[in-house]
Amino acid sequence: MLAAVLLQVACGKATQAEEPAPQKPETPEVPVTPEPEEPAGQCVDATLVVEVAADASLGTSGLVQVFRADGTLVDKIDLSDMDKVNVLEDGTMVPKEQGGGFMDKLHSGSATRMVHYTPLRLEDGKLYIQLHSGVLGFGGSYYFTVDESVVGQAVEKEEFTTKAKPSGSTLSVKADGSGDFCTVQGALNYAVSLGKETAVTIEVGEGTFRELLYLRDKNNLTVKGVSREKSIVKYPNSEVYAEGTSARCLWLVENCNNLVLENLTVENSFYSSDHKGQAETLYFNSGNNSHRLTIENCALISWQDTFLCKGEVWVHNSLIAGHCDYIWGYPKVCLFEDCEIRSRAAGYIIQARVPSATDKGFVFLNCNLTAESVVKEGSMYLARSAGQSDCFDNVTYVNCSMSAAIRPEGWLGSPAPNPSTPTASAGWKEYGTTGVSTDQRNACGRILTADEASAYNSKAAVLGW
């Protein structure tokens, strides 16, 4: 009241002031969270797009060039290489001869892998331009030009900018450009740059990513898609196009530990009518044979040599498809658990080259051995040997269901496996097979007892992790 009286006196009024009527408290405004803005610019690995005539076709001469805003040339595609490639029905360009065609250098840290690739693709009245890997930087300003001879019309100076560097250790790959990267390789490159031991997750969105991949010297990486039906990496490669085991695969992984692949399809789409041509989908190359790989709910698809591995591998709830030695390699142990092993033509499922007689090698636990409808009954062997004395044919099937495509004798005896007479811990073995009879199995394989099979009847027993 004193404060009120003093106020009234000060205003020259002799009467005591009345207290002001209480006012209704104001309702505080609820702050509105603005919608996140799309980062300015495009992905550093985005495809450039040019509208062209509906009947446009690719020429055999001319250049596509990309420059920094200051005029510095950063990339060039020369159509004189068109005479070195065949263009497949879907627009993919493949070499006419080994090592030819349009080439790209994939970087993984300080290491590189040379691969063939498709720089230009015409589709639905648009020219799609895929630049060489790693030529653009984050937060940059650029422009590109296209000679008229490339596609029948010239682009004199088309400007564009690139997004800023991503933050955090979870990276998104989206084909429509709304993620951190537009290609899986772009995300792999950046993951490596964050440090060898830094845990990184790459989330691959929906779509088919047509690219060859390279990853080296990166531990603790997870690459996961939306689902194996919706997140697909697909490209043709084989010994027909590139010489050497490391060159002919779709995805080459070297010196990486604790790599996890989830909810993806990786398909080497190389095809020949006779199904010949070694064409790995994934080559997990562990230098010291102790690096770990986990494959969860994925599909690995090719024809010959689909999956090649070393190290310690767990493949769970996944599909492996092929026809000739489509699972093979030099692992300490590779466990397929609850998987579908699908044969696509007559041939052999496994060729094991396990380094030590005491290593478990390839183990199939609770798997379903299926075959496509074109595969004849009795045309698939469970395994064949490389016929080498310096490695071991350690393969074990436990509680697996097998289709009629599996030959009654089971194993191919020529060349003879190592060891030629299997034991409970080495050589070719099976236990608890269903779907087909094992009465006619040849002497190259061993039917385990329940006690012997206990060493292979769980992930913990096989892998120890």
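Leaving aside neighbours within four places in sequence, which residues is Thr-294 in contact with? In this predicted model, where contact means heavy atoms within 4.5 Å, Thr-294 touches Leu-259, Val-260, Leu-261, Trp-314 and Trp-465. Thr-294 belongs to strand S22, residues 292-296; strands (E, at least two residues) and helices (H or I, at least four) are DSSP runs numbered from the N terminus. Thr-294 counts as buried because its relative accessibility is 14% (buried is under 20% relative accessible area, exposed over 50%, partly exposed in between, with a 1.4 Å probe and protein chains only).

The model is a prediction in which local features need pLDDT of at least 70, side-chain atom pairs count only at pLDDT 80 or more, and totals for chains, interfaces and linings use all residues. Residues are numbered from 1 along each chain as its sequence is written, and side-chain values use heavy atoms, without hydrogens and water.

Confidence comes next. Mean pLDDT (the predictor's confidence in each residue, from 0 to 100) is 92 for the protein, and 92% of its residues reach 70 or more. Over residues 1-22, however, pLDDT stays under 50, and the model has 8 contacts beyond four places in sequence for them. Where pLDDT is low, the predicted coordinates should not be read in detail.
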